[in-house]
Amino acid sequence: HLKKHFPLKNQELFSREKPVLKAVDGISLSVNTGETLGLVGESGCGKSTAGRLMLKLLEPTEGEIYFKGQDITSVQGEQLRKLRQDMQIIFQDPYASLNPRKTIEKTIMEPMKIFNVPKSERQKKLDHLLDVVGLSPQHKERYPHEFSGGQRQRIGIARALALDPELVICDEPVSALDVSIQAQVINLMEELQDEFNLTYVFIAHDLSVVYHISDRVAVMYLGELVEIGDVHEVYNNPQHPYTQALLSAVPEANPDHERERILLTGDLPSPANPPTGCKFHTRCPIAQNICHAEAPRYKRVSENGQMAACHFAKEVVAQGT
Ligand code: SF4
Ligand code: MG
């Protein structure tokens, strides 16, 4: 039940409640070892904030975070530092996340230095990392500006893997890249997942990319989780009207099975002042009176545990429970 509310400055003089931006507003999910969980939604839906909360780069306003069974919600200091080795992040814009004054060697070595990896080991590890991400040893002495966008993301990936993490949060890692390069980087990330036994949370707004790489997918709207489940189930049989609308905009591989395009009306409401009841009701094509008044609960909508939060989603009762 994670929440992250950011306080807002412009407080109205007589308003009783302190104004807050509800970036993440009570999400519950789990990520299984070795899987890729895709986290999708429009920009501003809170997916990046959710990723940063999982890594403890941000403190939650409410809720708990567990890593390998351990409650890490209030871990600080040395304990948090240790945890950092196991959890890493790959950023959207590799250029902005690389120090322009540091060579590639220094960039990739830095985390190992901070965590006191012996010098001899560091060098070996660096060579191995460059090799697995598809860069050559001659690249070591060069600076970030000498590389293409795709190569820079390879450098970012190598750095994220330097300490052998278990969980990697990938925050729109290919969104800034040319479409032709995106596939190469995605394929590389899949290879590395096998080689390094990685668990990914893959944040993106591009649903085709998420479909390709994810085992499960979680859909966010205005700081809340509206649907989660096996990626094939959610994509073939979305139960939440928001997921249906997002997917209706994605071209289908099978031309015989055209989806009807659902256009969302209205703008995305502000997370500082979200609609009452179901937050999606201002844009939902099938909203009824109850949607304004009451927030929907999560329902199990498939045998495999697909969940959706909509008053009109059909509930499936699990067999044998
Ligand atoms: Fe639409 Fe109502 Fe379902 Fe929300 S609860 S998604 S407004 S039908
Ligand atoms: Mg983002």
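Leu 222 touches Cys 45, Pro 269, Pro 271, Pro 274 and Lys 279, leaving aside residues up to four places away in sequence; touching, or being in contact, means that two C-beta atoms, placed from the backbone, lie within 7 Å. The model here is a predicted one, where local features need pLDDT of at least 70 and side-chain atom pairs count only at pLDDT 80 or more, while totals for chains, interfaces and linings use all residues. Residues are numbered from 1 along each chain as its sequence is written, and chains are lettered from A and ligands numbered from 1 in the order in which they are written.

So where does Leu 222 sit? Look in the loop between strand S9 (216-221) and strand S10 (224-230). Helices (H or I, at least four residues) and strands (E, at least two) are DSSP runs, numbered from the N terminus. Leu 222 counts as buried because 24 other C-beta atoms lie within 10 Å. For that label, a residue needs 20 or more other C-beta atoms within 10 Å of its own; 12 or fewer makes it exposed, and in between it is partly exposed, with C-beta atoms placed from the backbone.

The buried residues in H10 are Pro 241, Tyr 242, Thr 243 and Leu 246. Ala 309 is in the segment after strand S12 (307-308), and it is buried, with 24 other C-beta atoms within 10 Å. Not counting residues up to four places away in sequence, Ala 309 touches Val 226, His 240, Pro 296, Arg 297 and Tyr 298.

Next, the ligand. Ligand 1 is surrounded by 13 residues, and the closest are Cys 278, His 281, Cys 284, Cys 291 and Cys 310; a residue is near a molecule if its C-beta atom, placed from the backbone, lies within 6 Å of it. By class, that shell has 10 nonpolar, three polar and no charged residues. Here Ala, Val, Leu, Ile, Met, Phe, Trp, Tyr, Cys and Pro count as nonpolar, Asp, Glu, Lys and Arg as charged, and the others, Gly among them, as polar.

Now to another part of the chain. Leu 222 and Ile 104 are 118 residues apart in sequence and 38 Å apart in space, C-alpha to C-alpha. Ile 104 belongs to helix H4 (residues 104-114), where Thr 107, Ile 108, Met 109 and Met 112 are buried along with it. Helix H5 (119-132) and H6 are among what covers those residues. Just after H4, Asn 116 takes a positive phi of about 55°.

How do H4 and H5 meet? Their axes come within 10 Å and cross at roughly 125°, where axes are lines fitted to C-alpha atoms, for helices over the stretch in contact, and angles run from 0 to 180 degrees between N-to-C directions. H4 and H5 are therefore oblique to each other. Glu 105, Ile 108, Met 109 and Met 112 in H4 meet Arg 122, Lys 125, Leu 126 and Leu 129 in H5. That contact has five nonpolar, no polar and three charged residues. As for the wording, angles under 35 degrees count as roughly parallel, over 145 as roughly antiparallel, 65 to 115 as roughly perpendicular and the rest as oblique.
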